[in-house]
Amino acid sequence: MTAANQGKLADKSLGELIREIGQTGLSGALRLSRDRAKAVVYFEKGALVFMASNIRAHRLLEFLKRSGLVDDDALANLSAKATDEEVLDQLVKQGLIKSEQADTIRANHVTDILRTTLLWTEGEWQLDARARLAGNTRVTLDTRRLLLESVRHLPAAYIVSRFADRDERIEFVHNNGYAPNLLPAEGFVLSRVTSPMTIKELVALGGMAEDETLRAIYALAMAGLLRRVAAAASTDDGAPAETPSPGAAASETLEDFLARVGQAANHYETLNVGRQATTDQIKNAYHALARRYHPDRFHRADSALRSKVESAFARIARAYEVLRDQSSRAAYDAQIGAKTSAQLTDSATVEPRAKSAGEKVAEEDRAETSFKKGLAAAKQNQPQQALRFFAEAASLDPRRARYRAEYGRALISDPQTRRLAEIELKAAIALEADNVSYRVALAELYKALGLRRRAEGELQRALITDPKNDAARKLLTTLKN
């Protein structure tokens, strides 16, 4: 932003302006106008420090009447022409409020003005970086919480208008323990962003209605929990220009990557981390690989190369699904002769806040309820409803194999989500390797994708576990014929 920046709120919301000013650390006055209504927001080094408006309902006297902080008789004695600061001074002098209460009242008053103005979807804005707030009046607000809450009340059409480019990418942002109270839809969408992905992909992955998903994305971005990144330009060979990423070797070529993943003996080698890697190191390694080798980055490459990349990335996603969770990681380490679960727990990064037993039980109950609703919707031939409920169940309790498997089966019907179906089905197999039906479902997916050899491989592994399985035998016979 520059000192002369201006525009329309229909093109950039007040919430977006506040986020942008905060990220750039600017100071100045952001002036807003909508017909005869005017407002001004003051910033100092990116922080919102004060706000005022010419709307009568935004006067401090009106706010005090609505809030009931001071009785009507006391307010009647105050001059209607007094400024807001003069009103506070008079209330303190009359002993109606304490001096330390004035700061709290001032902050609550500004919050009240901001809540209303954040809902303006029409009007103009102008930033004057030379303006400064006079006097010592300053307030401290939980701006991120207010931005998050405001998005929940914006018109659906306006939310949709903020996502003109569905190839725009979304990334998770580490927030050093910042944990606002999210709505179930917001928490669910946030849980699905385990790697950078496009808006279109996240909408498909979520399984909720598109407008509900977009609102959740917008709210999370306003709260600073997600970052929106414009789609990158591609090179002539179909893959975007490479940029070094922390966690992924900058010198590793695409051919090296495919060869390394193909020869990896375990999930650690797939992610290119050591067995002593912390939870954060595993997460960073996965995100770095996803930034460089996500299949969407190779949409213009030839089909053979795309197939190889998709296969390699599916292995990466599966490795991350297992290693990011301490319990599944411990079980996996036991299988490959790694250190004991207790030793790994000591070396792993401790999460900022562990969920209580009550919270875990509540989430498990909600997951089971969503799963049953998904089964009922599927039985009533309501695939979109079933997809949404299975997605909720899988997000709330990702360690339950049958939730992941049913979510994967539901994703198979849409060609655009079949790669995501592969990830979910493989996660179910990793959690419950002896369940033959999961392998049969994965084989059916590979058959739909035209990957006959992969389908045969899964069916053969299924028959090793259950030689008499009719579904596996019939499908294998069909493939061979």
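## Close-up views of a sheet and a helix pair

**View 1. Glu171 has Arg227 of strand 8 as its bridge partner.** Welcome to a predicted model, in which local features need pLDDT of at least 70, side-chain atom pairs count only at pLDDT 80 or more, and totals for chains, interfaces and linings use all residues. Residues are numbered from 1 along each chain as its sequence is written, and side-chain values use heavy atoms, leaving out hydrogens and water. Strand 6 (residues 169–172) and strand 8 run antiparallel and are joined by four bridges. Strands (E, at least two residues) and helices (H or I, at least four) are DSSP runs numbered from the N terminus.

**View 2. Three strands form an open sheet in the order 7-6-8, with antiparallel pairing.** Two strands pair if DSSP finds at least two bridges between them. Strand 7 (197–198) and strand 8 (226–229) each have a single partner strand at the edges, so one side of each lacks a neighbour in the sheet. Helix 10 (residues 210–222) packs on the sheet and touches strand 6 and strand 8 (contact: heavy atoms within 4.5 Å).

**View 3. The axes of helix 22 (residues 452–465) and helix 23 (residues 470–480) come within 10 Å and cross at roughly 150 degrees.** Axes are lines fitted to C-alpha atoms, for helices over the stretch in contact, with angles from 0 to 180 degrees between N-to-C directions. Helix 22 is therefore roughly antiparallel to helix 23 (angles over 145 degrees). Among the residues making the contact are Leu459 and Leu463 of helix 22 and Leu475 and Leu479 of helix 23.

Conventions: Parallel < 35°, antiparallel > 145°, perpendicular 65-115°, else oblique.
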